[in-house]
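Try each task before reading its solution.

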Amino acid sequence: MGGGKRFAVLLCAEDSEYVKKRYGGYYGVFVEMLAEEGETWDVFRVANGEFPDDEQVDCFDGFVITGSCNDAHGNDAWICRLVSLLKKLDSLNKKVLGICFGHQVLSRALGGKTGRAITGWDIGVTTIHFSSSSSKLFSSLKIPTTLSIIECHRDEVRELPPKAEVIAWSEKTGVEMFRYGNHIMGIQGHPEYTKDILVHLIDRLSQRDFIADSYADDLKANMGKVEPDKDAWKKLCTSFLKGRL
């Protein structure tokens, strides 16, 4: 592994036994998508109160904030502490990539607003549309103007932080992606997920009565119709995080 850069995953969810066994936890899923030769990747289980201290923060070139079962607009102690950390990362101009809950909590930390999505749950493979400015931003990557991504959320960014820019939207969600300066980017969908992980999550949501069994069955029946553009998302996320755009 050359380059010697160091990155941290801020893990905002508890790993299920299934994801632990099959993928090495959500940390393993992100490392699989984002890690390149020569890099060091660490994990901080922030949902369990495990945070980097000031000296550690300085050592990292970039941070990834994961999804979560919690609400980004909640005031759990660890979420408030995470908001403070994200403000600090912004002030240090650190590269930060937020995914799903991570996207929403980034928006909150920077002065935006999040809450329950007016359109309800968005679960499945969704087509997102890039803005014309983001097409220029990603021009070197030769990415098309639309991409498919796995979604699994019922909250959304309702109001962008000042100076942030929407760079992608979908039929259900007005802020699918945003950027803030050249160092922060949020993605509402899950570029790191496989369909296997999504099926596992759908089963967990129905078992916990978050969604109806009939809705879960419909979601699984329709899942084969569209494939997520995993390779394009990998290229986009790694290029952003590592300053290659």
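**Exercise 1. Find which helix gives the most residues to the lining of the largest pocket.**

Solution, step by step:
- Keep in mind that this is a predicted model.
- Start with the space itself: the largest pocket holds about 490 Å³.
- Now sort the lining by element. At least two residues each come from helix 2, helix 5 (101-109), strand 7 and helix 7 (195-207).
- Helix 7 gives the most, with 3 residues.
- To finish, sort by class: 12 lining residues are nonpolar, 7 are polar and 7 are charged.

**Exercise 2. Work out which element has the largest share of the lining of the second largest pocket.**

Solution, step by step:
- Helix 2 and helix 9 each contribute at least two of the lining residues.
- Helix 2 has the largest share, with 4 residues.
- By class, this lining divides into 5 charged, 4 nonpolar and 2 polar residues.

**Exercise 3. Describe how helix 2 and helix 9 pack: what is the angle, and how far apart are the axes?**

Solution, step by step:
- Two packed helices are described by the angle between their axes and the distance between the axes.
- For helix 2 (residues 25-34) and helix 9 (residues 230-241), the angle is about 85 degrees and the axes are 9 Å apart.
- Angles of 65 to 115 degrees count as roughly perpendicular, so helix 2 and helix 9 are roughly perpendicular to each other.
- Helix 2 makes the contact through Glu-32, Met-33 and Leu-34, and helix 9 through Lys-234, Cys-237, Thr-238 and Leu-241.
- These contact residues comprise 4 nonpolar, 1 polar and 2 charged.

**Exercise 4. Trace the open sheet: what is the strand order, and which strands are at the edges?**

Solution, step by step:
- The sheet has 9 strands with mixed pairing, in the order 2-1-3-4-11-10-9-6-7.
- Strand 2 (40-44) and strand 7 (146-153) are the edge strands, each pairing on one side only.
- From one strand to the next, the twist averages 25 degrees.
- Within the sheet, strand 4 (residues 95-99) runs parallel to strand 11 (residues 184-187), and 4 bridges join them.
- Ile-99 has Ile-187 of strand 11 as its bridge partner.
- Helix 4 (residues 77-91) packs on the sheet and touches strands including strand 1 (6-10) and strand 3 (62-65); its direction makes about 150 degrees with that of strand 3.

Terms used:
Residues numbered from 1 in each chain as written. Predicted model: local features only at pLDDT ≥ 70, side-chain atom pairs only at ≥ 80, totals over all residues. Heavy atoms only, no water. Axes fitted to C-alpha atoms, helices over the stretch in contact; angles between N-to-C directions. Parallel < 35°, antiparallel > 145°, perpendicular 65-115°, else oblique. Contact = heavy atoms within 4.5 Å. Nonpolar A, V, L, I, M, F, W, Y, C, P; charged D, E, K, R; others polar. Pairing = 2+ DSSP bridges. 1 Å grid on protein atoms, 1.4 Å probe; cavity = no way out; pocket = protein on both sides within 12 Å on 5 of 7 lines; lining within 4 Å. Points joined across faces, edges and corners; volume = space filled by probe spheres on them.
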